[in-house]
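The model comes first, and the description follows.

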Amino acid sequence: MTGVAERPLQQSGDKVYRSWLGHTQFCAACRAGVCCPTAVRLGRVWREVRRG
Ligand SMILES: [Zn+2]
């Protein structure tokens, strides 16, 4: 098990993408080019929902 608490099966890829995009614009770590756990997680979710 990966220990993921939430399974966003009902989220659309577009919604996740916009969440990720909004995060990268306001997250200090992301803007600094630092590896951010939240961005990594959102990116992973986005990839999952896109695959269906
Ligand atoms: Zn971030």
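## Conventions

Axes are lines fitted to C-alpha atoms, for helices over the stretch in contact, and angles between N-to-C directions run from 0 to 180 degrees. Helices (H or I, at least four residues) and strands (E, at least two) are DSSP runs, numbered from the N terminus.

This is a predicted model, in which local features need pLDDT of at least 70 and side-chain atom pairs count only at pLDDT 80 or more, while totals for chains, interfaces and linings use all residues. Residues are numbered from 1 along each chain as its sequence is written.

## Overall content

The protein chain has 3 helices and 0 strands, and along the sequence its pattern reads α-α-α. A residue counts as buried if 20 or more other C-beta atoms lie within 10 Å of its own, as exposed if 12 or fewer do, and as partly exposed in between, with C-beta atoms placed from the backbone. By that criterion, 10% of the 52 residues of the protein chain are buried.

## Packing of α1 and α3

Helix α1 spans residues 13-26 and helix α3 spans residues 37-51; the two pack at an angle of about 160°, with their axes 9 Å apart. The crossing of α1 and α3 is left-handed, meaning that the near helix is turned anticlockwise from the far one by less than a right angle.

Residues are in contact if their C-beta atoms, placed from the backbone, lie within 7 Å. On the α1 side the contact involves G13, V16, Y17, S19, W20, H23 and T24, and on the α3 side T38, A39, L42, G43, V45, W46, V49 and R50. By class, the contact of α1 with α3 has 8 nonpolar, 6 polar and 1 charged residues. Here Ala, Val, Leu, Ile, Met, Phe, Trp, Tyr, Cys and Pro count as nonpolar, Asp, Glu, Lys and Arg as charged, and the others, Gly among them, as polar.

## Nonpolar core

A nonpolar core is a set of buried Ala, Val, Leu, Ile, Met, Phe, Trp, Tyr and Cys residues joined through C-beta atoms within 7 Å. The largest one has 5 residues: V16, W20, L42, V45 and W46. Both α1 and α3 supply at least two residues of this core, and the largest share, 3 residues, comes from α3.

## Individual positions

V49 lies in helix α3 and is partly exposed, with 18 C-beta neighbours inside 10 Å. Its C-alpha atom is 8.4 Å from that of V16, 33 residues away along the chain.

R47, also found in helix α3, is exposed because it has 11 C-beta neighbours inside 10 Å. R47 and G13 are 34 residues apart in sequence and 8.0 Å apart, C-alpha to C-alpha. D14 is in helix α1 and is exposed, with 11 other C-beta atoms within 10 Å. The C-alpha atoms of D14 and R50 are 8.9 Å apart, with a sequence separation of 36 residues.

Note on methods:
Contact = placed C-beta atoms within 7 Å.
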